[in-house]
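Trainee: Could you take me through some features of a model, giving the general idea before the particular case?

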Amino acid sequence: MEILRMAKIFTIANRKGGVGKTTIATNLAVNLSKKGKTLLVDGDEQKSAYKWNEYRQDKLPSIFVLDNLIDTLESLNNEYDFIVIDVAGRDSTIFREALLVSDTLVVPTQPSLLDLDVLSYMQEKVKIAKQTNENLDAYIAINRASVRTKELNDAIEFVKEFDEFKLLNTVLFERKQFRDAILESKSVTEMSS
């Protein structure tokens, strides 16, 4: 009897652009690929993650999808251990479909008021998705934080108000190495190699 493998699906999403979704998605995909077969799904018209992967020396399996995400993943789900979905910084059908099939949602946010302000919108979408996908775990990742301001502590306190999200313990600080990694089509862990 053949046992069907079911991929663990991660979605990296936020309604706001420029918060580091693609950077987190590509780094997560590379690191998960060391643990099992990983598919990188780009659901953004800009195709940033897909193009990043095309320039890589050690390419990941990757697809670009703008519609019918659920049907597409259903046919691929048993081929992969992990699927990482990077969606555009706006509400879209792909974003909503991704919430319905994902095990884990990671919402990157910068610790500024303009970035944090969209979390109530994101929480509402998570509540709606959980009516269908009750196993969805939702996390907030504070990204591109500055070491020189108190806004990080304020952001951590602000995020505690959202009961649909868990705050990831790791804070990602603004580092040039993240930009360099994208330019070289690598993850930050590959930069020394």
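This is a predicted model: local features need pLDDT of at least 70, side-chain atom pairs count only at pLDDT 80 or more; totals for chains, interfaces and linings use all residues.

Mentor: Residues are numbered from 1 along each chain as its sequence is written, and side-chain values use heavy atoms, with hydrogens and water left out.

Trainee: Which way do the residues of strand E2 point?

Mentor: In a regular strand the side chains alternate between the two faces of the sheet. Here Thr 38, Leu 40 and Asp 42 point one way from E2, and Leu 39, Val 41 and Gly 43 point the other way. Of the 6 residues in E2 (residues 38-43), 6 are buried, where buried means under 20% relative accessible area, exposed over 50% and partly exposed in between, with a 1.4 Å probe and protein chains only. Strands and helices are DSSP runs numbered from the N terminus, a strand (E) having at least two residues and a helix (H or I) at least four.

Trainee: With which strands does E2 pair, and in what sense?

Mentor: Two strands pair if DSSP finds at least two bridges between them. E2 pairs in the parallel sense with E4 (residues 82-87) over 6 bridges, and Leu 40 stands opposite Val 84 there. E2 also pairs in the parallel sense with E3 (residues 62-64) over 3 bridges, where Asp 42 stands opposite Phe 64. From E2 the chain crosses through helix H2 (residues 48-54) to E3 in a right-handed β-α-β crossover, meaning that, with the strands pointing away from the viewer, the path from the first strand over the helix to the second runs clockwise.

Trainee: At what angle do helices H4 and H6 pack?

Mentor: Axes are lines fitted to C-alpha atoms, for helices over the stretch in contact, and angles run from 0 to 180 degrees between N-to-C directions. H4 (residues 93-101) and H6 (residues 119-130) pack at about 50°, with their axes 9 Å apart, and they are therefore oblique to each other; angles under 35 degrees count as roughly parallel, over 145 as roughly antiparallel, 65 to 115 as roughly perpendicular and the rest as oblique.
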